Amino acid sequence: MTSITVSTAISSGRGELVNVRQRTLLMAKWRILWVVAGFAFIAMVAFARITWLGLFEGETRRVDGLAALLPARGDIVDRNGVPLARAFPAYALWYNPAALGDDGSPLVHGSRQVAEQLVRIFPDMDVNVLARRLADGKPGYLRRRILPEDANRIHALGEPALEFPREVERFYPQGSMAAHVLGFVGADGKGRVGMEQIFDKQLTDPATRGTPAVLSIDTRVQGALEDELHKGMVDSAAKGAAGIVLDVDTGEVVALASLPSFNPNLIDQASTPNIFNRVTNQVYELGSTFKPITVAAAIDAGVVTNLGRRYQTSRPLQIGGFQIRDSHNFGGSLNVPEALIHSSNIVTAQVADELGAVRLNQTMRALDFNQRPGIELPARGFPLWPGGEWSRITTMTVSYGHGIAVTPLHLASAYATLVNGGVWRPATLLKADPAKPVAGRRVWKASTSARMRQLLRMIVDLGTGRKANAPGYRVGGKTGSAEKPGIGGYRRTSLVATFAAAFPMDRPRYVVIAMLDEPQGTVATSGQRTAAFNAAPVVGRVVPRIGPLLGVMPDATRDVDISDLAPLVPNGNGE
C-alpha cells in the first residue's frame, strides 16, 4: 500500500495566511464601526445643537438678523400712512479740540478764520457765535446734519479738529407741521416732548420698530388748520393760537395745532416757549363757550323745560358784593335760545342758580374738567378748579366760563359730548380700529344732545357765530371771549377769544376749536377783539377746506330742523 506524505511546512504556512487575513478583516470591520459611530455621534451632537437653537435661540438670532435691515428708529406716520418722522444716515459736524493733541491750539488756523470759512459753507450760521464756540475749546456738535458735499468742503479746509461722523438722524419730512404732536429726538437718541417720547420704546425695540407707529392725525387737515390759525393770528395780531379737529364718535384727534410752532429738524435753534403746547398743556378761562354746557346740564336735569320762559336782563345781577353784567343791553328779558344767541351772562347765571352747585359740579366732573386731559402726550395741563363746596357766586361765574380754567382739548371733548348723543370719550392721538367701538360714559341724554344741536346751529345761523357759517356745512357752535386774570383782577385789555364748533349739525362728525391768545382790534377784524370777529372766521374758513378731505361734502338742501325753536327768536322764522 502506498502512503501519501504531506509537507508540514506547506500546511503550517497556509494556516498562518488564513489567520492574518481574518485578523485584517476583523480590524477593518472595527475601523468601519468606529467611523460609523463617530459620524453618528457628530450627527447626534449637530441634531442636539439644532434643536437647542430652534427651541431657545432661534427667535433671538432671527430678530438679530432682521435688526440689521431695520431703521435705527421706527417711523411715525399719519392715519393715511404719510411719513411724519423717519430715521436716515447722515453726517454731523463735530468739533474735537483734542484732535491735534493736548498741547497748542486745537486749530491749524485761527478760530475767526475757520468760523468765516464755515459760514461760507453754512450761510445761516452766525460767524461771531461760531468763532466764540471754536475759541472756547470745548468739544461738541457745531451742526447736527450736513450733506456729503458739505463734508467734502469741510475736509478741504484741512482742520483735523473738524470731524464729520456718520450718524443716524431723525428727519421730519413735513417740517414744523404737527411739531407739538410729534416732539423731537434729543442728542441722546431719546424721544422728547411729544409722541416721540410716548413711542420711544416701540420705536427703538428691534421686535417692534419695523412697524410704523400710526397716529390719528391727517396731514391734510393738519396743514389746513395750521394755515388758517396762522392767518387768524396775523390778522388779529394775537400772540398765540391753538386749534383742534376731533372726531366726535371716536375721540380721535385729526389735527392739533399750537402756534407759534417750531421745526423739530432744527431743534437746536428752537426756543422753549414755542415747544409749549397751548392745546394740551396750557389752561385758560374759555368764557362763554361754557354756556351751552350749563344749559345742557339744566335741560338734562329738568330745570329748563320751557325754552320760551323769559329771564330778566334789565339790570345786572347783584350777588353779595358782586355784579354779573352782560356786554350789551339786551332789553328787559331773554329766553334761553336768545340768551345763547346773544351770549347773556345774566341769563346763564340765573339758569345755573336754579340748577345748583352740586349738579353743575357733577356735570363738569363728568366731562373731566377737574383733571388733566386724557390724551397720550406727556405734557398735559391741570385745570384750575374751584375747590370745596361751590358758593352761589362761584356756581354762577363758572356757568359762563369764569373762575375755572381748562385746556382747549377739554373743551373739544366736551363739545363732542354735546353733539354726539351725550357720550363722553377721551381724546386720543392713536388711530382707532373701525371694527372696535370706542367705549365712553354717558353725560347727557340723547334728547338733550339733539336739543343742543339745534341751539348751537341757531347761534351760528342767527347769533355771535355767524362768521363761522360755512355754506352747506351746517356749522353749529359758540363764541367765547374771556378777560385774562392778572394781579388785582381781570385785565380788560387781554382776551382769550375762542370759537367751539361742530359740523355738520344734522349728523355731527367733527368738532373744531379755534383759540386766539390776546388778539387785538385790527383793520382785518373791524377793530374788534372778540371771538365773533377773529376766532369764528377761522372756523368758517377751516371747515370748507377740511370737510371734503374728511368725506363731508357741502349740501345746501339739508339743515338742522329748528322749526319748533324758530318762533322763540326774532328773525328765527323769517320775521
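A charge is said to sit over a ring if NZ of Lys or CZ of Arg is within 6 Å of the ring centre and within 35 degrees of the ring normal. In this predicted model, R441 meets that description: its charged end sits over the ring of W424, 4.1 Å from the ring centre. A second case involves R166, whose charged end sits over the ring of Y91 at 5.3 Å from the centre.

Rings may also pair with one another. The count of aromatic pairs in the model comes to six. One of them joins F88 and F171, whose ring centres are 5.7 Å apart; because planes over 60 degrees apart count as edge-to-face, the angle of 85° places this pair in that class. The pair links distant parts of the chain, since F88 belongs to strand β2 (residues 83-95) and F171 to strand β5 (residues 166-171), 83 residues apart. F88 has a relative accessible area of 28% and is therefore partly exposed. F171, at 34% relative accessibility, likewise counts as partly exposed. W385 and W390 form a tilted pair, with 5.2 Å from centre to centre and 55° between the planes. Both of these tryptophans are buried. Elsewhere, Y473, F503 and Y510 make up one aromatic cluster.

V475 is found in the loop between α16 (446-462) and β17 (476-486). Is V475 buried or exposed? Its relative accessible area is 1%, and because buried means under 20%, V475 is buried. The C-alpha atom of V475 is separated by 12 Å from that of V419, a residue 56 places away along the chain.

The last subject is empty space. Rolling a probe the size of a water molecule over the atoms shows where such space is left. The largest pocket holds about 1300 Å³ of space. It is lined by 41 residues, of which R325, D326, S327, N345 and S481 are the closest to its centre. The elements giving two or more residues to this lining are β13 (322-324), α11 (336-342), α14 (392-399), β17 and β18 (489-503). Strand β17 provides the largest share, six residues.

Technical notes. Residues are numbered from 1 along each chain as its sequence is written. This is a predicted model: local features need pLDDT of at least 70, side-chain atom pairs count only at pLDDT 80 or more; totals for chains, interfaces and linings use all residues. Side-chain values use heavy atoms; hydrogens and water are left out. Helices (H or I, at least four residues) and strands (E, at least two) are DSSP runs, numbered from the N terminus. Buried means under 20% relative accessible area, exposed over 50%, partly exposed in between (1.4 Å probe, protein chains only). Rings of Phe, Tyr and Trp (its six-membered ring) pair if their centres lie within 6.5 Å; planes under 30 degrees apart count as stacked, over 60 as edge-to-face and the rest as tilted. On a 1 Å grid over the protein atoms alone, a cavity is a set of points where a 1.4 Å probe fits but cannot get out, and a pocket is an open set with protein on both sides within 12 Å along at least five of seven lines; lining residues have an atom within 4 Å of a point. Grid points are joined across faces, edges and corners, and a volume is the space filled by probe spheres set on the points.
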